[in-house]
Number of protein chains: 4
Amino acid sequence: MTKHRIAILGASGYTGAELVRLIATHPGLEIVAMSADRKAGQTMAQVFPHLRHLDLPMLCKIDEIDFAGVDLCFCALPHATSQEVIRGLPRDLKIVDLSADFRLRDPKVYEAWYGHEHFALDIQNEAVYGLTEFYRDEIRAARVVAGTGCNSMTGLFPLLPPLIDGVIDADDIIIDLATGVSGAGRSAKEGLLHAEVSEGYHAYNVAKHRHMAEFDQEFSKFTGREVRVTFVPHLLPQNRGILATCYVKGEAEAIHASLARRYADEPFLVVLPLGEAPATRHVRGSNFCHLGVIPDRDPGRDPGRVMIFSALDNLTKGSSGQAVQNANLMLGLDETAGLMAAPIFP
Amino acid sequence: MTKHRIAILGASGYTGAELVRLIATHPGLEIVAMSADRKAGQTMAQVFPHLRHLDLPMLCKIDEIDFAGVDLCFCALPHATSQEVIRGLPRDLKIVDLSADFRLRDPKVYEAWYGHEHFALDIQNEAVYGLTEFYRDEIRAARVVAGTGCNSMTGLFPLLPPLIDGVIDADDIIIDLATGVSGAGRSAKEGLLHAEVSEGYHAYNVAKHRHMAEFDQEFSKFTGREVRVTFVPHLLPQNRGILATCYVKGEAEAIHASLARRYADEPFLVVLPLGEAPATRHVRGSNFCHLGVIPDRDPGRDPGRVMIFSALDNLTKGSSGQAVQNANLMLGLDETAGLMAAPIFP
Amino acid sequence: MTKHRIAILGASGYTGAELVRLIATHPGLEIVAMSADRKAGQTMAQVFPHLRHLDLPMLCKIDEIDFAGVDLCFCALPHATSQEVIRGLPRDLKIVDLSADFRLRDPKVYEAWYGHEHFALDIQNEAVYGLTEFYRDEIRAARVVAGTGCNSMTGLFPLLPPLIDGVIDADDIIIDLATGVSGAGRSAKEGLLHAEVSEGYHAYNVAKHRHMAEFDQEFSKFTGREVRVTFVPHLLPQNRGILATCYVKGEAEAIHASLARRYADEPFLVVLPLGEAPATRHVRGSNFCHLGVIPDRDPGRDPGRVMIFSALDNLTKGSSGQAVQNANLMLGLDETAGLMAAPIFP
Amino acid sequence: MTKHRIAILGASGYTGAELVRLIATHPGLEIVAMSADRKAGQTMAQVFPHLRHLDLPMLCKIDEIDFAGVDLCFCALPHATSQEVIRGLPRDLKIVDLSADFRLRDPKVYEAWYGHEHFALDIQNEAVYGLTEFYRDEIRAARVVAGTGCNSMTGLFPLLPPLIDGVIDADDIIIDLATGVSGAGRSAKEGLLHAEVSEGYHAYNVAKHRHMAEFDQEFSKFTGREVRVTFVPHLLPQNRGILATCYVKGEAEAIHASLARRYADEPFLVVLPLGEAPATRHVRGSNFCHLGVIPDRDPGRDPGRVMIFSALDNLTKGSSGQAVQNANLMLGLDETAGLMAAPIFP
């Protein structure tokens, strides 16, 4: 079988490396070009020694890539840079963007959350939101797919089905989330040092994390009314994994049934038996997302709630795995190609 | 100065070791006896090599201790065992119990949560709940003090003042909590292995953790009405530290003012400026508790909430440090004696 | 393609789970039976939730397995148990044993290191030592293969080629080794708790680790004289990975050339450029082993040495990956089938 | 008692914070000034929230400090900067320098290892090497004390006594060392990120670490001949702690006796019983150093060696604790003042 030719822009970050890891054993994809602006001229082995056994192209500048020989391009660049680069790429090139740049349909919302106007509104107009399980048909037909935020996805999976089915109160939703540090990327910042992250836990960007804009957009779209949720992310002393603990009002059995029904045929979404809670370590390194529902002790009385949990690996299902899944659809491949590896535990 | 003579029962667990660590540099306490049933006959250096530089009594059986020479006894035994042992101790011996055995005033509530009737109700009757900052005078006069649960304390500190002051809705409280693994003690269980705890995060005992009984008891007592909260604990891949993220309805400034006023003169409770979140790593190994208040993005609209955070070290302020603080009061010592060591970071 | 039918005995340990993980995406193997004595009757999802997306047979007792329908059996049982079980299995069943039971050819040596006589000497006689890269032909023809110890392998790979080539002094070898905690298995022991392993480092079984017997056997066999090495293992606060730092006398270029030549065509052994050191995190979850050679600062003078490093994942290349590699050979499959997944980093 | 007035230059690094932590409960020292060039104008609570309960001076520029009101100054600046700053300080000010700048007595050696000529040779001339247990009298009388490197100290403690006593072969010494990441300081470098340090282990600066110059200097000084050792440091996935595993030739009992005799009256050096190995977690956060000696399995034959282990906390005994210990001597205080806190475990 001829393999589809893949370029990766921004291959020197963690999501870039994760793309390479996944594509390395993918039966239908082949990497033909990789860019990394500041590391152009280096081999991937120098930048990521865990990939040194692979036969990969040298890292180069974006403008050194001949996109005529590329079937699909993954963009793993920082936001803002991504839109600058993508508007300069051939207009018939299939693109899966991993940044935040094309996730928000309303330019005013983008501007409000990201602090500057959008540079590539025409591409924004054609971009499809990359939440595969809810946009599968659009993604299949799309030229540009915008990967969902890893935190957003972790909150959307457990909440969209019961919201759509009307079995939870849309006005009373809290998403308490904890994420591993790799989500912040490979940037040399004091707050990401081992000594600052290990053996400790804290909330960050409380009630102002940018992924909230995706919650607003998607929850409102799928319910047909404006929905706002309370969202507090925390930083975990671990590399991979996000757990969302969603506090909702509703009836546990109905919520569980809603999730089970909606995700019955999904290859990567696993709904645990009612009463069980997932763990991030059980999806590590994989494209799976585990979902669980547990009722409060006194469901009938205040503040009796239901807790919906979801766990996924921010670099795989939350980013690069999701990107490959969408690329599979865009290229007419089996959606699960290259993505069925089991989680790695311990 | 003559030092008060201290016995520690159950010295071979983590809270026992933490008591020894704190007392080692305490100006007014001296350890004269230490028991550890299965490790009787061993030195503390064998059981806890980090304490090997100390000149300590040999570990012994409880019945080998001459309590006539003891001024105060710390009980760091498992629950149920603790009440069995304490009812056999001299009735004039001062006791600080670290177990759950004497925390719940209503025997029926104890029975409901712990699955068996209480064996020492007379001692329960005289026991004072060890939440120092709210029971200081009673503790000073008490013979038996029951240490609060580490999770309970982490939820009580941020919520009691605003509840007492009536600035939050008592019917709409969620305590999302994450705790380090040392809280589970030094028991050889599969779920506590390094390979099962590190690099992962999950909720446990969802909506059924026994420390909820303390929430019920204390929140109801201080508000004069029955209060129930939603409580979900999670296990962190770290040894020490608890962070509570409390979701409440109210006005952030009023809540912050309530905490700041209530804890203004407290030596160990530190209220951060409004808008700042605490981190467990910043109280590690210390008796301090950091509290923070952050409003939701749209305080005026649904589900606009306020988040109150508290962070403490479960082994120090959450257990053995609290115990020493209470012992200081019971013995007429300076409440902060031996407890002012700064947190250890990184 | 018809898949070979596989049984796994002792599937409830970490090496058992790792076998399942690797076989899950293996093109030529299919799991038809899995035993776990104390967990018989449970599903694998209950024992290892990270494998819950797989369609696997229920865990059973060994005597419930019909070995007529099994082409090859992996034995991931504790040592001593393994020999008891294997001597009761059909004598024409292909077996890959992951325990220490059939590694030592001399029964007296076995008895000396393991403290009891060997129960299945006839099987010991036919067992081939599973160090694939040095016993490939024998393994292809073998019925029973004894997996090498994970520490042994980590020391054998860097030292065998230069010893065989005579470019290092056989009488002056030190193997300083550090290993992740998963090598100790999923047993609930105090010393393996998160609180006892994380944030610390220490040597254990100094100069008396049982894997030394394999060093003695293999180094002596390949050099034709008795070789003894100094061996000190340490426990790392991490789950996976072994790093050996070998201190030898010789000339760095010659040693590097020896390794490069010997492993030039090996699919899983990667020799880094002279002067580079490997890291365990760069082989995590994979079947690769990275090797490096660095000369001392003054090679010509005392105690001028050369350091040879090797890094591998104890659960994959060090155990279950190696087992699958050997099974591939025994079943006439491509040796690398199911084993080419890239390491997972971070 | 009037407290001695202390200034800390470079208070925004980990060793600066550790000095503050130790001095916070020190009975004889009081911090009157703290500098941090880039963070001047901030409070210590902003830079290190774990110290927020302390009443500390604002961080300032060095030239804002009035050194007339300072009795002793700790210099926790980067090397090279330290010598620049110290040569501008009053010539009668007592100084404890934590950098590498005044450790090497021979300017040529300094130049060779640090790549530039020394800027303050007159101060180098009067500086005393801060290895308290071997330079106690000189330190008591010194104006300037140069703190030893944390790795150097971890190798010097186990090896100096047997070298001085002539019970080990000076020409055959290997120091294999593993260190926690806080030793690298609070600098935002990719290699120190949580994702790059956790769950992995590797050697760095093999045979070229600058602390080797201190080994050369001190081992040669105390033996009266030129001694060279092989030295390989490794990076541990933990914050604090160094373990040295020293491979030597000699007789275990004699080595153990040498250490026991030499350190019998040392308050911070603890020699374990023969055959026991220390662990870094058992000295965490303390000024203690644990030492152990274990013979090889066949002491009489090649390569039969003896292993000497030492474990200390790089930020405490290895740096800031050592600095306070030396300051205590220089100020005529009890050497152990403020330093007897027990290690924190777990």
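**Note on the predicted model: chain symmetry, domains and local backbone**

1. Chain B is superposed on chain A by a rotation of 180° with 0.0 Å of shift along its axis, at an RMSD of 0.0 Å. That relation is the one of a two-fold axis. In chain B, the C-alpha nearest this axis belongs to Pro237(B), at 3.3 Å from it. Both copies use the same surface, since 100% of the contact residues of chain B recur in chain A. The model is a predicted one, and the values below should be read as such.

2. Chain A also touches chain C, with 28 residues of chain A in contact with 28 residues of chain C. On the chain A side, helix 1 (residues 14-24) gives the most, with four residues. The residues of chain A on that side divide into 18 nonpolar, seven polar and three charged.

3. Within chain A, the domain assignment gives domain 1 as 4-148 + 318-330 and domain 2 as 150-313. Taken over C-alpha atoms, the centres of domain 1 and domain 2 of chain A are separated by 25 Å. Contact between them involves 16 residues of domain 1 and 19 residues of domain 2.

4. Which elements of chain A give two or more residues to the side of domain 1 that touches domain 2? They are helix 4 (107-114), helix 6 (132-141) and helix 11 (316-330) of chain A. Helix 11 of chain A supplies the largest share of that side, four residues. By class, the side of domain 1 of chain A that touches domain 2 has seven nonpolar, six polar and three charged residues.

5. Helix 7 of chain B (residues 150-164) has 15 residues, so at 1.5 Å a residue it should span 21 Å. The expected span is taken as 1.5 Å times one less than the number of residues. The end C-alpha atoms of helix 7 of chain B are 21 Å apart, which agrees. Helix 7 of chain B is mostly covered, with 14 of its 15 residues buried. The helix is followed by Gly166(B), whose phi is positive, near 70°.

6. Where is a cis peptide bond found in chain B? The bond from Phe345(B) to Pro346(B) is cis, with omega near -5°. Pro346(B) lies in the segment after helix 11 (316-330) of chain B. In chain D, the peptide bond from Phe345(D) to Pro346(D) is cis, with omega near -5°. Pro346(D) is found in the segment after helix 11 (316-330) of chain D.

7. Glu199(A) is a residue other than glycine with a positive phi, near 50°. This residue is in the loop between helix 8 (194-197) and strand 9 (202-203) of chain A. Is Glu199(A) buried or exposed? Glu199(A) has 26 other C-beta atoms within 10 Å, so it is buried; the cut-off for buried is 20 or more.

8. Asn205(B) is not a glycine either, yet has a positive phi of about 45°. Asn205(B) sits in the loop between strand 9 (202-203) and helix 9 (212-223) of chain B. With 16 other C-beta atoms within 10 Å, Asn205(B) is partly exposed, because that class lies between the limit of 12 or fewer for exposed and 20 or more for buried.

Conventions. Residues are numbered from 1 along each chain as its sequence is written. Chains are lettered from A and ligands numbered from 1 in the order in which they are written. This is a predicted model: local features need pLDDT of at least 70, side-chain atom pairs count only at pLDDT 80 or more; totals for chains, interfaces and linings use all residues. Copies are superposed by least squares on the C-alpha atoms of residues with pLDDT of at least 70 in both. Two residues are in contact if their C-beta atoms, placed from the backbone, lie within 7 Å. Ala, Val, Leu, Ile, Met, Phe, Trp, Tyr, Cys and Pro count as nonpolar, Asp, Glu, Lys and Arg as charged, and the others, Gly among them, as polar. Domain bounds come from an automatic or database domain assignment.
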